[in-house]
Amino acid sequence: MISLRRRAVAGGMLWAAVTIVLGLAGLWSYTLSATKQRFADQVTNQHVQVLVAVGNYSGNPDALIRRLSDPAYARPFSGQYWQIENDQGLLLTSPSLVETLLPRADRTGENVEVSEFTGPNGENLFGIAQWLTLDDGSNWHVQVASNIDDLDANIANLRRTLLFAFLIICMIGVVGALVQVTVVLQPLNALRADVMKRWDDVDGMQASAYPVEVAPLVTDINTLLKRNQEIIGRSRRQAADLAHAIKTPSAIMRNELGALQAKGQDVSDAMTALDTLDAQLKRSFARMRADDTQNAMPVITDATETLTRMVRAFTALARNAGRTLSSDIAPGLRVRIDKSDLEEITGNLLDNAVKFSNGHVHLSARRDADRIVITIEDDGPGIAEEDKPKATQSGQRLDTAKPGTGLGLAIVDDLAQAYGGMVTLSRSTDHGGLSVIISLEAAGRKATR
């Protein structure tokens, strides 16, 4: 399934990554160039300082050496060197060269020469050299050099700093993309929540509460939901009218068969077939109504009130049959099922339990996480393990000595499945007979029925 959130996050992250990488590349190129230029400028400044010292103190070598007494030139093999010589053979060097020399110069003119070479300690040096002609006509070759390894170390440190900054910016970009997507998709999330709430609330969604880009969609959804409710409402009414129309000829046929039976004719097969027909029609109409209701209309039922009322009604029937009926129903139970369908499920199960019990029937209802669990158990013979799969099949009568059509559990199973529920048959640990457990989806707190 396509996810707008994933697409937006992936797109935002990709765009952020491209932007950050390009920005980092540009920043790295600029800072690398600036760092190299700053290093070259530093060496150039050192060269100029030596040139000035030579110009001022060329006639006094001792004063010249004192003028160039920077601590960096005093430490042996410090990577900072100067070397001065004239055309008369005088050679002066910085103490950092110890007893070594920089490459000696050839007389090639007064142009500045820039070069890289290996230093006295095996290090890589960047050097600037130039012949200088003074006012007295003397010629001096002035040369300074600086360790390039220091520059490389600075560049490596700069690279690490930029990579760390890149990681931080990437993290900020990802978080920013997630926040941006969350904010942008908030109206769609609210729309999804409101659409889901159609099961809890029959009121339409307010288009004015959404951004202008989403409002037309909200209006269309409201129109579609309203139209579906109208269609399903008509379908339910037509199904009810059809069921009522069939009941009348069925009742006439039942009366006619009763009259024939009173005259001594054997109509048991016809009466059984008519009972089966009525039960099958009842099952089909119930399933049709449940499917339509679950798929297109908000259905919330107060299960506590409905089950209490059903227990009250069947208590008198159980008493007339010589049985007792007890109950344990938790308060505040609300379930996603139509009230008439919940009554259909409970009525079928209580009718079977009273019919097959030896003396006692018990109904309990509780909430388990997001499910409502209804249990109806009795002290009758129960159902053999090998017969349980057949118990919910259409027309399967496991005990032909008892009246009925064998469709009670089948109808219960159909209705429960139509609402996303489940029916479980087991042996009652407290009463010894059959235990029927119905698990249905619980509803929220807001009552709508």
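Me: Helices are DSSP runs of H or I with at least four residues, strands are runs of E with at least two, and both are numbered from the N terminus. How many helices and strands does the protein have?

Reply: The secondary structure of the protein consists of 10 helices and 12 strands. Please note that this is a predicted model, in which local features need pLDDT of at least 70 and side-chain atom pairs count only at pLDDT 80 or more, while totals for chains, interfaces and linings use all residues. Residues are numbered from 1 along each chain as its sequence is written, and side-chain values use heavy atoms, leaving out hydrogens and water.

Me: What percentage of the residues in the protein is buried?

Reply: Buried means under 20% relative accessible area, exposed means over 50%, and partly exposed lies in between (1.4 Å probe, protein chains only). In the protein, 37% of the 449 residues are buried. T301, which lies in strand β6 (residues 301-302), is an example: its relative accessibility is 1%, so it counts as buried.

Me: How should I read the order of strands in the sheet that contains β7 and β9?

Reply: Two strands pair if DSSP finds at least two bridges between them. Here an open sheet of five strands runs in the order β7-β9-β10-β12-β11, and its pairing is mixed. At the edges stand β7 (324-329) and β11 (422-427); each has a single partner strand, so one side of each lacks a neighbour in the sheet. On average, neighbouring strands of this sheet are turned by 15° against each other, direction ignored.

Me: Which strands of this sheet run antiparallel, and how many bridges join β10 to β12?

Reply: β10 and β12 run antiparallel and are joined by seven bridges; in this pair T375 stands opposite I437. Strand β9 (residues 360-368) and strand β10 (residues 371-378) are also antiparallel, with eight bridges between them, and S364 faces T375 of β10. A further antiparallel pair is β11 and β12, with six bridges, where S426 has S435 as its bridge partner.

Me: Where does helix α7 lie, and what does its angle to β7 tell me?

Reply: Contact means heavy atoms within 4.5 Å; axes are lines fitted to C-alpha atoms, for helices over the stretch in contact, and angles run from 0 to 180 degrees between N-to-C directions. Helix α7 (residues 303-320) lies across β7, β9 and β10, at about 170° to β7. Helix α8 (residues 339-356) lies across β7, β9, β10 and β12 (434-441), and its angle to β10 is about 20°.

Me: Which residues of the largest nonpolar core touch the most other members?

Reply: A nonpolar core is a set of buried Ala, Val, Leu, Ile, Met, Phe, Trp, Tyr and Cys residues joined through side-chain atoms within 4.5 Å. In soluble globular proteins, nonpolar side chains tend to be buried together. The largest core here has 40 residues, and L349, L350, L425 and I438 touch the most other members. At least two core residues come from each of α7, β7, α8, β9, β10, α10 (408-418), β11 and β12. Apart from neighbours within four places in sequence, L425 is in contact with I383, K388, A391, L409, L434, S435 and V436. A second, separate core of 22 residues includes V50, I128, W140 and V144.

Me: Is β12 mostly covered or mostly open?

Reply: β12 is mostly covered, since six of its eight residues are buried.

Me: What is the order of strands in the sheet with antiparallel pairing?

Reply: This open sheet of five strands has the order β2-β1-β5-β4-β3. Its edge strands, β2 (91-93) and β3 (113-118), each pair on one side only, and neighbouring strands are turned by 20° against each other on average, direction ignored. Within it, strand β4 (residues 124-133) and strand β5 (residues 139-147) form an antiparallel pair with nine bridges, and F126 stands opposite S146 in β5.

Me: Where does A369 lie, and is it buried or exposed?

Reply: A369 lies in the loop between β9 and β10. It has a positive phi of about 60° although it is not a glycine, and at 60% relative accessibility it counts as exposed. V98, also not a glycine, has a positive phi of about 55°. V98 lies in the loop between β2 and β3, and at 43% relative accessibility it counts as partly exposed. In the hairpin of β11 and β12, with six residues between the strands, G432 takes a positive phi near 90°.
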